[in-house]
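Please look through the sequence and the model shown here, and then follow the paragraphs below.

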Amino acid sequence: MMRGAVYFTREFVENGEKKVVRDSERWRAWRDHYNHRVEELLEAPDASVNAKTGALTYLLHNGTNWRPIIATPEGQRVLAKMTAWFERWERDYPNSLSIINGVRAMAEVLDAADPARCQRFLYDVRARYSADTRRDRDIRAVVEGRLKLLLGQAYPVWIRLAALDGRFADTQEYRGKIVLISLFPLDWTSQAEFLRGLHEKYHPLGLENIQITGGDVMVAGAPQRTALETALLADEKNYPWRIAWDRKGTFGEFARTMGINTYPTWLLLSRDGRFVAQTSSAREITAAIERELLVKEEPAGKAVREPAAVALASDPGAGNARGPVMSESAKNFTLDFATPVDPALQASVASLDARLRTKYGMAGNETAVGVLDLRTLRLALVRPDAIVYAASVPKIGILLAWFQSHPEAATSLDPATRHELGLMIKVSDNEMATKFSVPLGIPRIQEVLNAYGFYDAAHGGGLWFGKHYGKVGERIVDPVGGHSHGATARQLVRYYLLLEQGKLVSPEASRLMREIFRSPDIPHLEDRFVKGLAGRGLEIRRKSGWWETWSHDTAVVTGPGRHYIVVAMTHHAKGTDYLEEFAAAVDDAMMGVPVRE
C-alpha cells in the first residue's frame, strides 16, 4: 500500500519564465486507477488478511476526502461504497485490531453527510464492541469522543483545561465569544503562524484561541519536552493566545476523549458553547469562523444569526415562540380527584373510546384515557383512576426523581447526560433507564412520586416505580394493583400538566425536562401517537410504553391552534391500532372536528 503522497507536475513558460505547477488532472487519473486496483485487491483469493484489511483502511480513509462534497450525487455514491466496505470488514474480519480506523473514517464522513445517521452508527458500534478488551475499549473511547463532538452541535459543551500560565483555560470564561481550540505541537511553525494570523484578524471581532499541546516535538527522534520546557518555549514564542497542557501529549487525554487522532485539528465553539466545526483544513476552519462571526449577541444573551430570519420554534411552557403561550388560568389550573370534566368533550372522548373498543373487540376495562385542552382547560377522562401495568411509561418518574435529587443540573447539565436522559424518554432505552435509576434506588424514586401526589392508594393508585428496567433483582409491587410499574390516566395527565406549568422541581428544571422530552437530535419511534398524528405539522413530546399486549402512549401535543395533553393505555392485542386512531381523532376534536360516532 502507498504510504506517501504522490504528486504530478507540469511545466510551462510564462513571460519567458519556466514555472512548475501541480498537474491535478494527471493526479486524479492516477488516484482513480490506484483506488480501482486497491478494490481489486479485496477480491484477490491469494491476498493475505493483512493486505485486505490494509486495503480497507486505505479505501475508508481515502473516502474521508469527500467530506466537503459528500452531499453531492458522487459523494453519496462514495458513502454507499464506504458503508459496504465497513460492513465487509466487520463481517469477514471480526477480530481485526485495525477496525478502529474504519470506525473513525465512517464517523467522520457520516457526521458531514447526516448527523442523525452518524449518531445511530456510533450507538450501534458502541453496542457491538462492548467486550472488556483493549480493542473494544479503544473503539468505545473513539465513539464517546465522536458523540461529544456530535452532541456538542446541539447542546453547549464547556471545557476546562490546565494551562501553562498556571491558571485553567475554561471556555465558560468566554461565554458570548467564539472559541477556537487548536491541537498541534507548539513548535509547528507553519501552523503557529496560521493561528497567529487568525488571532490578529478575528480576535478584535470576538474570537478567543486556546491551543492544546503536549511535549511533542517536530524533530524525529528528539525527546519529548517537559511542561516547564514547553512553558519556556511558549514564553519565547510570545504567542498571544492561551496554551493548555496535556501531559500525555497532543494526542493525549483531551484528544482521546474527543475521538481525535489527527493534528492539526481545529475545534470551533459558538458563543453559546456548541461545537460548530471540527476539521484539519485551514480553509474550512477559516470559513467556519467567518460564518460564526455573522452571529451577534442580543441584550438577553441569546445568539441570533444575521440577516434576521423567521424565529425558530421554542418552548411553549416557557412562554415563547413555539406553540401557544399558557394563559394565567392554565398556569394555575389544578387537576385533582374533584376536578370536573367538560360535558361536551367528555361525551366526545367517551364515544370515541367506545367506538374504537367495539371496532377492535376490546372490553370496557381494557382501556383508560385522558385529554386536557390547555387552551380552554376542557378535561375528559375515561377510567381515570384504574391502575394498569404501565410498562416503560414510569420512566418519567426516573426523570423527575433524578432532577429532584440533582436540582443543580437544571442549569449545568452536561450534554452527554442530557442525551442519555433523552434516550431513556424518547426511545425508551432500558440501559439508560437503569443507569439513572440504580444510583437513586427504587424507594427514593417512589418517594419523589409520592411527594407530588402521583400515587394515592385511597384513589386507585397512580404512578408506581417498583423495579429497575432490564435488570433482574429487587421488585416492589404497588399496593393497589400489584404491578412493578403502574400508572393511572389521571396521574399521567397531571404529571404533564405540572411539567407544562413549570412546577416539577423548579421552573428551570421543568424547562429542561421538557427539552429532554423534545430531544430533536433523537428520532421518534414512528408508532402509536406519532404514527397517528403523522403529517399534521405537530410537535409531540411523548413517553410510550409496551410489553406483550399492553400498549400505551402519553404526550403533550402542540401545533397551530392546539396545545393539549393526551393519554391512552390499552391491554389488548389491537391496542397499538387503537392508539393510532385515538390520537388522530382527539387532534381532530381539538381543531373543532366532530368525533365520528
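Is Arg 536 buried, partly exposed or exposed? Arg 536 is partly exposed, with a relative accessible area of 27%, where buried means under 20%, exposed over 50% and partly exposed in between, for a 1.4 Å probe and protein chains only. The model is a predicted one, in which local features need pLDDT of at least 70 and side-chain atom pairs count only at pLDDT 80 or more, while totals for chains, interfaces and linings use all residues. Residues are numbered from 1 along each chain as its sequence is written, and side-chain values use heavy atoms, with hydrogens and water left out.

The side chain of Arg 536 meets that of Asp 587 in a salt bridge, 2.9 Å from N to O, the term standing for a side-chain nitrogen of Lys or Arg within 4 Å of a carboxyl oxygen of Asp or Glu. Because Arg 536 lies in the loop between helix H20 (528-532) and strand E19 (539-547), and Asp 587 in helix H21 (residues 575-590), the pair ties together parts that are 51 residues apart in sequence; helices (H or I, at least four residues) and strands (E, at least two) are DSSP runs, numbered from the N terminus. Asp 587 is buried, at 0% relative accessible area.

Another salt bridge joins Arg 378 to Asp 373, with the closest N and O atoms 3.0 Å apart; here Arg 378 is partly exposed at 22%, whereas Asp 373 is buried at 0%. Within helix H7 (residues 189-202), Glu 193 and Arg 196 lie 3 residues apart, about one turn of the helix, and they form a salt bridge whose closest N and O atoms are 3.7 Å apart.
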